[in-house]
Amino acid sequence: MKGNKYILQAKEGEIDLNNSDIIFLTEVTAYIKLVKKSELIVITSNFGKYNSVNYDTIFSNNVKIDYIDNIITGDYLDFSMIKNLLIISRNVIYKNLE
């Protein structure tokens with residue numbers, strides 16, 4: 001959307017038998033490339049749940065966001081491309097150079 005890029009990779013993926021739009025992922029890495037700022041956000045986690053229709057992704061267990069000189073860790077991250085929203089929760093720790 002708006003020229004931004006979202007690349008999602010995982011070691012394994014399993015389609016939900018009740019809803020083929022949902023894919024359960026393991027060892028997940030996501031790359032978000034922001035066009036306006038030419039910056040890259042990298043998100044990693046042990047598990048993920050991806051919706052192939054609206055691109056919403058839930059990351060869980062050992063979530064890490066790496067953005068410029070900032071690192072944010074937590075247990076749960078809800079990313080919605082449609083809503084332009086990223087919410088990280090549960091045991092959140094923020095670190096930067098300062």
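Predicted model: local features only at pLDDT ≥ 70, side-chain atom pairs only at ≥ 80, totals over all residues.
Among contacts in the protein chain between residues at least 6 apart in sequence, what percentage join residues at least 24 apart? The figure is 31%, where contact means heavy atoms within 4.5 Å.

Residues are numbered from 1 along each chain as its sequence is written, and side-chain values use heavy atoms, with hydrogens and water left out.

**The overall fold**

The protein chain has 0 helices and 7 strands; helices (H or I, at least four residues) and strands (E, at least two) are DSSP runs, numbered from the N terminus. Read from the N terminus, the order is β-β-β-β-β-β-β. The chain is as compact as a globular protein of its length, because its radius of gyration of 13 Å is close to the 13 Å that the globule rule gives for 98 residues. That radius is taken over C-alpha atoms, and the rule is 2.2 Å times the number of residues to the power 0.38. Along its principal axes, the C-alpha trace spans about 45 × 30 × 25 Å. Of the 98 residues, 27% count as buried, meaning under 20% relative accessible area, with exposed over 50% and partly exposed in between (1.4 Å probe, protein chains only).

As for individual partners, I41 is bridged to Y67 in strand 4, and T57 stands opposite F79 in strand 5.

**A closer look at T57**

T57 lies in strand 4 and counts as buried at 0% relative accessibility. Its side chain reaches the backbone oxygen of Y55 at 3.1 Å. That is a polar contact, a pair of N or O atoms within 3.5 Å; within protein, one must be able to donate a hydrogen and the other to accept it, and residues adjacent in sequence count only if both atoms are side-chain atoms. Leaving aside neighbours within four places in sequence, T57 is in contact with Y6, L8, K49, Y50, L77, D78 and F79.

**Rings and a charge**

The whole structure holds 1 aromatic pair. Y6 and F79 form this pair, which is tilted, at 5.0 Å centre to centre and 45° between the planes. Y6 lies in strand 1 (residues 5-16) and F79 in strand 5, so the pair ties together parts that are 73 residues apart in sequence. For the cut-offs, rings of Phe, Tyr and Trp (its six-membered ring) pair if their centres lie within 6.5 Å; planes under 30 degrees apart count as stacked, over 60 as edge-to-face and the rest as tilted. Y6 is buried at 18% relative accessible area, and F79 is buried at 9%.

Elsewhere, the charged end of R90 sits over the ring of Y76, 4.5 Å from its centre; this requires NZ of Lys or CZ of Arg within 6 Å of the ring centre and within 35 degrees of the ring normal.

**Out in a loop**

S38 lies in the loop between strand 2 (19-34) and strand 3, and S38 is exposed, with a relative accessible area of 55%.

Methods:
Pairing = 2+ DSSP bridges.
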